[in-house]
Amino acid sequence: MRKKKGVKNKAIKYRLYPTTEQKIYFSKCFGCCRKIWNLMLCDREQSYKETGKSVKNTPASYKSEYPYLKEVDSLALANVYLDLELAYKSFFNKKSGYPKYKSLKKSRKSYTTNNQNGTIAITDNAIKLPKAGFIKAKIHRQPKHDWKLKSATIFQTTDGLYFVSVIFEYEENIDKTTNFGNCIGLDYKSDGLYMDSFGNVGTNHKFYRESHKKLAKEQRRLSRKIGSKKNEKKSNNYLKQLKKVNKIHRHIANQRLDNLHKKSNEIANRYDVVCVENLNMRNMSNKGFRNGKATMDNGYGMFLNFLAYKLNDRGKYFIKVDKWYPSSQICSVCGSKKKLALNERTYICECGNTIDRDLNAAINIKREGLRLLKEMVA
């Protein structure tokens, strides 16, 4: 057994049930963070146009002109400054686009604060936050005794619910397994999430498709509540209907997440080595195959992310095979190579091997993944 050490972070999300006063405070925080972001971004752009250099103003420099900024958590505003710095850094490193201004209607309502000498704390049925006090919460999971609470991000969903994501820091001390025999290979399957190397299919659920009729009905009602004028203010009935639509979207997302967590937990608990293809699901959904909606509804990319961290927490291996590896073209029995069209779902080899295309690929992925793993630990 080999031990792996290091400092890691883990987040736990809790549902919040704030009072009316606490909701008002959260709205102030969301608005002030959005205001600070736009002010700092605007000043940077103006400074660059005038002098050729980008000025770096801090949130404190705006409090005299905008006194209401003093009413919210100062660390929330400080984190906005750090986020803008990171956004510019990502832009200059060509990892993302240029930072955009935040909008009241479209931007996510959230803010992040840090724990300083117990300003953030978790009890049996509540969470303590700076300036907000103790907020009733659903504490479904308690952190371990050696975890150090670092920060909390409070956000509001589009249908009006409140959540907090709490970040903990802990010392990782994992015993990495050396049992390579307990291994499985997974191949992406558009109509079943995955096909494993033992012939099992993940799941046949298509949660968006299953709720499509109900969602379409509510969206039609929403479209009829939009005024005829272009800049007309949205009515209360429109806002109520919008919450109904958003609630259905959240229900679909929760169904998908629950299913993916259960499937990834099942595999992570049963196997010590999991081999998959290194696929970019977003690119696959945009390649003109006319199945983008089905690909995104599958959630395979999210499923792989869940598998990766769950296997790592258990001291097991998650191996990614190169996406250009011809897993579906190689015979899993004799090793000969043969090209298949996309509509050919059965692999028939000259050696007499007749096997499902996805099962054949999963076996080849498992074999290649084990080869890579042995090279990695050698």
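Which residue in strand 9 does Tyr 188 stand opposite? Tyr 194.

A word on the basis. This is a predicted model, with pLDDT of at least 70 needed for local features and 80 or more for side-chain atom pairs, while totals for chains, interfaces and linings use all residues. Numbering runs from 1 along each chain as its sequence is written, and side-chain values use heavy atoms, leaving out hydrogens and water.

Now strand 8, residues 183–189. Strands here are DSSP runs of E, at least two residues; helices are H or I runs, at least four. Of its 7 residues, 7 are buried, meaning under 20% relative accessible area with a 1.4 Å probe, protein chains only. Cys 183, Gly 185, Asp 187 and Lys 189 point one way. Ile 184, Leu 186 and Tyr 188 point the other way. In a regular strand, side chains alternate between the two faces of the sheet.

Next, its partners. Pairing takes at least two DSSP bridges. With strand 9, residues 193–196, strand 8 pairs antiparallel over 4 bridges. A hairpin of 3 residues joins strand 8 to strand 9. With strand 10, residues 273–277, the sense is parallel, over 3 bridges. There, Ile 184 has Val 274 as its bridge partner.

Last, the surface. Lys 217, Arg 220, Arg 224, Lys 225, Lys 240 and Lys 244 gather in a positive patch. Patch residues have over 30% relative accessible area and no salt bridge, with like charges joined within 9 Å. A salt bridge is a Lys or Arg side-chain nitrogen within 4 Å of an Asp or Glu carboxyl oxygen. Helix 4 gives the largest share, 3 residues. Lys 240 sits in helix 5. Lys 240 is exposed at 57%, the cut-off being over 50%.

Notes. Patch = residues over 30% accessible without salt bridge, like charges linked within 9 Å, V, L, I, M, F, W, Y side chains within 5 Å. Areas by Shrake-Rupley, 256 points an atom, 1.4 Å probe, with all protein chains shown as cover. Lys, Arg positive; Asp, Glu negative; His and termini not counted. Charge placed at Lys NZ, Arg CZ, Asp CG, Glu CD.
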